[in-house]
Structures are given as C-alpha cells and as structure tokens.
Amino acid sequence: MRIVYSDKHARHDPQSFIVRGVKQRSAEQPERATRLLQAAKEAGHEISGPAAFGLAPVQAVHTADYIDFLQTAAREWARLANAAPEVVPNVHPARYPATYPKALAGRAGWHQVDLACPIGPGTWEAALAPSEVATTAADMVLAGERQAYALCRPPGHHAYADMAGGFCFLNNTAIAAQRLRGKHGRVAVLDVDVHHGNGTQGIFYERSDVLTVSIHADPANYYPYFWGHAHETGEGAGKGFNLNLPQPLGSPDAPWLAAGDQALARIRDFAPTALVVALGLDASESDPLQGLKVTGAGFHAMARKIASLGLPTALVQEGGYLSDDLGRNLVQFLAGFEDGRK
C-alpha cells in the first residue's frame with residue numbers, strides 16, 4: 001500500500017496534559033508516528049512524502065479566525081510576561097451566544113476546547129504537515145489508486161472548524177473527505193477510533209453529501225463526553241446523515257465488529273463513490289487509554305469488512321498510543337484491507 005508521511009510532525013511535542021487535575025506529559029508523542037512508520041517499512045509498504053498545498057485544503061474546512069490563531073498564538077504567547085512554554089487556556093466561553101475576543105487568553109479559550117491541545121512554537125508547522133499528508137493521500141485516490149494511507153500526526157478528528165481539542169488541531173480526516181468531494185458527489189467517512197470523531201461530525205453535521213459514521217467507546221463515560229451519542233443524527237439538510245454506534249467500555253472484538261456491520265450497511269445504503277477511514281488504533285486491548293479491547297485479529301477483520309465495500313479509500317491515521325502492539329496493529333489493519341480487496 002502507498003503510504004504518505006512527513007517527519008515535520010515531530011515539531012509538536014506537547015509537554016502539558018491534565019489528568020484528574022494532575023499535570024503530566026501528553027500521551028500524544030512523536031514516537032507514535034515513528035513506531036507506525038517503522039512497522040509499515042518492515043512490512044514492505046511504499047513510503048513517500050506529501051506534496052505542498054499551502055492553506056487551500058485547510059481553508060476548505062476551517063475558519064479564517066481559527067487558522068490565524070493557530071499560526072500566530074505561540075509567537076504572541078511567548079511575548080507575554082511569565083508565560084509557560086505552551087499556550088494553554090484558563091478560561092472557556094459558554095459559546096453561544098458569545099463574542100469573539102481580542103485578547104490572546106480569550107482567543108485561546110475560544111479555540112482550544114480542552115487542555116489536551118497545548119500549542120508550542122512548532123505546533124503550527126507540525127499540524128499543517130499532516131493536512132498535506134492527508135490531501136496527498138486523497139489525491140492519490142483521485143488519481144486512481146484503490147487506497148492510500150495517510151500516516152498523520154498530530155491526529156485530527158476532534159478538531160472542529162474553529163476549535164482544537166483532544167490532541168487535534170486540523171481535521172485531517174475532514175480535509176481528505178472534502179478533497180475527495182471535488183470529484184465524488186457522495187463521500188462517506190467511517191471512524192473506528194476508540195474516541196468519537198466529534199470534530200468530523202461537527203464539520204459535516206448539516207450536510208447530506210458526506211455521511212459520517214463513528215464506532216467508539218460510549219461517550220456517557222468516555223472522552224469526548226458531550227458528543228457521539230446515538231441520538232445525534234444530523235441537522236437540517238444533514239438530518240439522517242450522521243450515525244453514531246457507541247460501544248460499552250471494555251467491549252471486545254465481537255460487538256465492535258458487529259457495529260462494523262451496521263456501519264457498512266448504512267454506508268452501502270448511502271451509496272458513496274469514495275470513502276475515508278479515520279483509522280484510530282487506540283481501540284486496542286493494549287492501548288494505554290483502555291477504552292475498548294480489540295485484538296490484532298479484530299483490526300484485521302474490520303479492515304477486510306471495510307475493503308469489501310470496494311470503494312476508492314483514503315485511510316487517515318487518528319489515535320493509537322504507545323504500546324508494544326501499536327505497529328503490529330497497523331500492519332494487521334493494512335494487511336486485512338489488502339486481503340479484503342483480493
């Protein structure tokens with residue numbers, strides 16, 4: 001399988017993360033991507049770098065105020081007296097109704113929905129790079145590849161049009177889907193990350209041309225908590241074009257794969273001509289975040305099911321944190337996808 005990767009992701013190495021009030025290093029570390037890359041190389045996959053696109057693919061998904069904030073926040077923050085090395089908000093608005101502020105502290109609270117997405121000096125470059133990785137993979141699919149894998153880091157599916165959250169800054173999955181929409185009238189997004197793809201849902205929630213489907217740990221008791229519930233089905237023109245399939249915490253392969261069957265049935269009914277898979281590997285039984293208990297065989301089986309759709313597919317890396325199984329699970333998924341194409 002053709003794999004797109006950029007080492008610029010390493011310019012974002014977040015140090016600040018709050019868990020139950022305790023500050024610790026983020027689980028979203030550069031080593032995630034290097035482990036995945038090494039596993040893919042050892043499995044014989046073809047690795048290439050992304051093309052340069054500038055801001056156009058990002059602007060197709062994200063707001064101008066948000067893009068400007070991501071580009072300038074770290075520099076402005078560094079000029080503040082007694083500022084920490086990373087931009088971390090201390091105030092968040094009740095968003096609607098609310099007025100967009102001028103002060104950096106206010107803009108940080110507006111655009112950073114939680115404390116999992118600190119912005120450092122290299123964050124903007126590191127976040128822009130995977131947007132180009134995802135766009136390049138989408139363009140490979142548009143050019144006739146049956147599938148391409150975007151090895152993206154930082155991840156993206158928690159990022160809204162104007163908000164970072166959950167380790168995510170630019171929504172690489174949404175950027176790939178929007179890119180595919182340039183040629184395909186209907187595009188489906190299937191998110192198999194252990195966390196609900198709330199940003200992707202939000203971006204397409206009022207649209208009927210992009211179906212969003214997410215299989216994830218039940219947000220009643222798991223991040224992102226406020227989004228990802230089964231009753232969220234879309235609004236306006238998008239009513240009925242969002243499907244959430246929350247799973248009880250600790251669910252093993254069987255119910256997860258059964259949810260996959262439900263997801264694929266809805267996708268077939270939608271009849272898209274292209275697919276984006278938000279490939280989170282953090283549903284693994286060995287992932288440190290411990291939301292679900294999916295095995296390597298489970299990832300292989302899910303990939304075979306998805307590949308059976310026969311759609312041109314961009315696979316976009318989302319979560320999956322440091323464990324001995326991280327690279328093996330990627331290889332299992334990619335092998336399952338290729339097996340399903342035979």
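How much space lies in the largest cavity? About 60 Å³.

## Basis

This is a predicted model, in which local features need pLDDT of at least 70, side-chain atom pairs count only at pLDDT 80 or more, and totals for chains, interfaces and linings use all residues. Residues are numbered from 1 along each chain as its sequence is written, and side-chain values use heavy atoms, with hydrogens and water left out.

## Cavities

The structure holds two cavities of 30 Å³ or more. On a 1 Å grid over the protein atoms alone, a cavity is a set of points where a 1.4 Å probe fits but cannot get out; lining residues have an atom within 4 Å of a point. Points are joined across faces, edges and corners, and a volume is the space filled by probe spheres set on them.

Residues lining the largest cavity include Asp191, His196, Thr212 and Asn244. Elements giving two or more residues to this lining are β6, α7 (198–204), β7 and β8 (242–247). Helices (H or I, at least four residues) and strands (E, at least two) are DSSP runs, numbered from the N terminus. By class, the lining has three nonpolar, eight polar and one charged residues. Here Ala, Val, Leu, Ile, Met, Phe, Trp, Tyr, Cys and Pro count as nonpolar, Asp, Glu, Lys and Arg as charged, and the others, Gly among them, as polar.

The second largest cavity holds about 40 Å³ of space. Among its lining residues are Tyr5, His9, Pro130, Cys152 and Arg153. Helix α5 (residues 123–142) gives the largest share, three residues. The classes here are seven nonpolar, two polar and one charged.

## Pockets

A pocket is an open set of grid points with protein on both sides within 12 Å along at least five of seven lines. Strand β2 (residues 17–19) supplies the largest share of the lining, three residues. The lining divides into 18 nonpolar, six polar and five charged residues.

The second largest pocket has a volume of about 290 Å³. Of its 13 lining residues, Tyr160, Met163, Gly202, Tyr205 and Trp227 lie nearest its centre. Eight are nonpolar, two polar and three charged.

## Nonpolar cores

A nonpolar core is a set of buried Ala, Val, Leu, Ile, Met, Phe, Trp, Tyr and Cys residues joined through side-chain atoms within 4.5 Å. Buried means under 20% relative accessible area, exposed over 50%, partly exposed in between (1.4 Å probe, protein chains only). The largest core has 47 residues; Tyr149, Leu190, Trp256 and Ile267 have the most contacts inside it. Elements giving two or more residues include α1 (31–42), β6 (187–191), α8 (253–270) and α10 (326–341). Helix α8 gives the most, seven residues.

Beyond its neighbours within four places in sequence, Tyr149 is in contact (heavy atoms within 4.5 Å) with residues including Met1, Leu36, Ala137, Leu279 and Leu334. A second, separate core of 44 residues includes Val141, Ala174, Ile175 and Ala177.

## Cysteines

The structure holds zero disulfides. A disulfide is a pair of cysteine sulfur atoms within 2.5 Å. The sulfur of Cys152 is 11 Å from the closest cysteine sulfur, in Cys168, too far for a bond. For Cys168, the closest cysteine sulfur is in Cys117, at 8.5 Å, also too far. Cys152 counts as buried at 1% relative accessibility. Cys168 is buried, with a relative accessible area of 1%.
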